[in-house]
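Subject: Structure handover

Hello,

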Amino acid sequence: MARAVRSSNRADLIILGATVLVALTARGLPQNMREPVASVMRRTFLAPLVMLQERSEASRRSLLLDNERTAIRDSVALRAMTVTSLENENDRLRQLIGLGSRLKWGFVPAEAIHGRGVRDVTTMTLTAGSNVGVRRLNPVVSPEGVVGMVSNVDPTMSEAMIWTHPDFRVSAMSADGSAFGIVQAHAASATTGYLMELRGIPFRSQLKPGSLIVSSGLGGVWPRGIPIGTILSEISTAEGWARSYLLRPVVSPADVGAVMILRSDRATKPFDNVWSSVAEANAAAERIVVSGDSAAKSAALAEAAARRAALDTMSRDSTAGGQVPGGLPPELMPDTVSRAPAPRLDSAGAAAARRRAAARRDSIRRDSIQRDTSGVLRSPTRGI
Amino acid sequence: MNLGSIARATATFLILVLLHYTLRPLLGWRAPMDFLVLALLLAAIRVRPAAAAIIGLILGIVSDSLTPEALGAGAVAMTVVGYLASWLKAVFFADNLALNAFFFFLGKWVFDVIYFSVEQRLGGIELIQQLLLWSPLSAAATAIAGILLLLIMRPLLEPSRV
């Protein structure tokens, strides 16, 4: 029994040695012989396994690619969402560069940092301070016009009071200089949003909706000619000694991103053609609106006259007993509703009836107008 | 072993071989589980050491044929692991999951040690990193997969107690 076990173990060891020898022989094959041997096995009995492995790897690659494609698609969608804001920011920066080139000197560019609170709707932090020449009460402007003024200054940062602040005031005038007043924030509401009020306009001065209002230069803080807003409508106030107007501001507080802070020395110098392009654009828009209104009014008047003429013609025809071909039947005409149907007459009779009716109308008109001794025409129904 | 147990063991062996060439490349882990080693170990505890060595040689040659530059390395490793597993089968006959997991872990790690030593592709710090980091991780993954398979395929995997 023990001998059988020993011989069995010996056989196992011999087979082990043989198999290891075969394996080492395979390992010791030269490189140019390994590939043919492996290739033969891959092309024969291992072909199904090789195919399975290739398909599994292809599946894995497609899974990874799908994840990658999804990530790329998401990235593209995310970028597409930001394109509009980037375009807007690009436009604003271009405008700011244009403003800087027109100002030429005496300004400090700054980024506006908006807060997130009730108080911060009326103020904003600017990324420029006294180190670069910013002082308290320096005007803060954008390419569109008035934004606010610096209220507090730190070496590297400053705080600005936006025009929405209740304490903000700016002396203003109409673009043609015919009316002067004070602009302040209008109490915001859910329907109007942020608007401005122009107060203190004399009663003799009336401003049309759409008129541009600019800073007047009075008061010493704001230079003359910076756009503030456009007239929306006149509003009634408790004072009653002057006119007040509602303004649509040229600058929306939420859209302010990059601004210019005008230094004190620059604010006292003239601003030739700095904001003229904005003013010209607004004036052009106003002219277009006005001309559009005039054209519409003329067209409406012409249409009303044509309608009246057509009705008169139809009325005369129906009174004469005829009906305009294709027109309304006589019983539906306004003049014939309360009248009895006119008897049909021949053409000679119709002509005589028209002459009699015209004579009656003329006699009524002549009788209804009396000439008094002073030579003024008066209507008898109204008395003297 | 009767005919039924031979058929079950063969089926299990083929399933593991198929998993090696389907699930493993699909997962694509850095430390992959080795279903061929599992198949070898589960076959080795059912046969004599000499037969286990032959099965290991065949499995090794098959696996090496897909990586011709390492032809023979896998065969040597599989042969030795198969022989040792069959020789030690008495130790791992106990129906203990932890012991079986250790058996799978040890089998895979010994295989990797022999394989990378014979292959001689890696050297120095790379070899140490492979043998002390990635190989144990791969062995652990193989052990976990082996235990899961034992639980799922218990009726097929009942070893012959002849």
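The model is predicted, so the confidence scores come first. Chain A averages a pLDDT of 75, and 69% of its residues score at least 70. Within chain A, confidence is highest in strand β3 (residues 139-141), at a mean of 91. Confidence is lowest in strand β14 (residues 377-378) of chain A, where the mean is 40. Two stretches of chain A should be kept in mind when you look at the picture. Over residues 320-346 of chain A the pLDDT stays under 50, and the model has 31 contacts beyond four places in sequence for that stretch. Over residues 358-384 of chain A the pLDDT also stays under 50, and there the model has 9 such contacts.

Next, chain A as a whole. Its secondary structure comes to 6 helices and 14 strands. Chain A has 384 residues, of which 23% count as buried. Taking the contacts in chain A between residues at least 6 apart in sequence, 55% join residues at least 24 apart.

In chain B, helix α2 (residues 35-44) is mostly covered, with 10 of its 10 residues buried. The buried residues of α2(B) include B:F35, B:L36, B:V37 and B:L42. Leaving aside neighbours within four places in sequence, B:A39 is in contact with B:F13, B:L16 and B:V17.

A:A179 lies in the loop between β6 (169-174) and β7 (180-189) of chain A. A:A179 counts as buried because 21 other C-beta atoms lie within 10 Å, and the cut-off is 20 or more. Apart from neighbours within four places in sequence, A:A179 is in contact with A:M173, A:S174, A:I201, A:P202, A:S205 and A:L207. One of these, A:S205, is 26 residues away from A:A179 along the chain, and their C-alpha atoms are separated by 6.1 Å.

Another loop residue is A:K269, placed between α4 (264-267) and α5 (276-319) of chain A. A:K269 is partly exposed, because 13 other C-beta atoms lie within 10 Å.

Last, the contact between the two chains. It takes 28 residues from chain A and 27 residues from chain B. On the side of chain B that touches chain A, α1 (3-27), α3 (49-64) and α4 (73-87) each supply at least two residues. The largest share of that side, 8 residues, comes from α3(B). By type, the residues of that side divide into 20 nonpolar, 6 polar and 1 charged.

Regards

Methods:
Residues numbered from 1 in each chain as written. Chains lettered and ligands numbered in written order. Predicted model: local features only at pLDDT ≥ 70, side-chain atom pairs only at ≥ 80, totals over all residues. Helix = DSSP H or I, 4+ residues; strand = E, 2+ residues; numbered from the N terminus. Buried ≥ 20, exposed ≤ 12 C-beta atoms within 10 Å, placed from the backbone. Contact = placed C-beta atoms within 7 Å. Nonpolar A, V, L, I, M, F, W, Y, C, P; charged D, E, K, R; others polar. pLDDT = per-residue confidence, 0-100.
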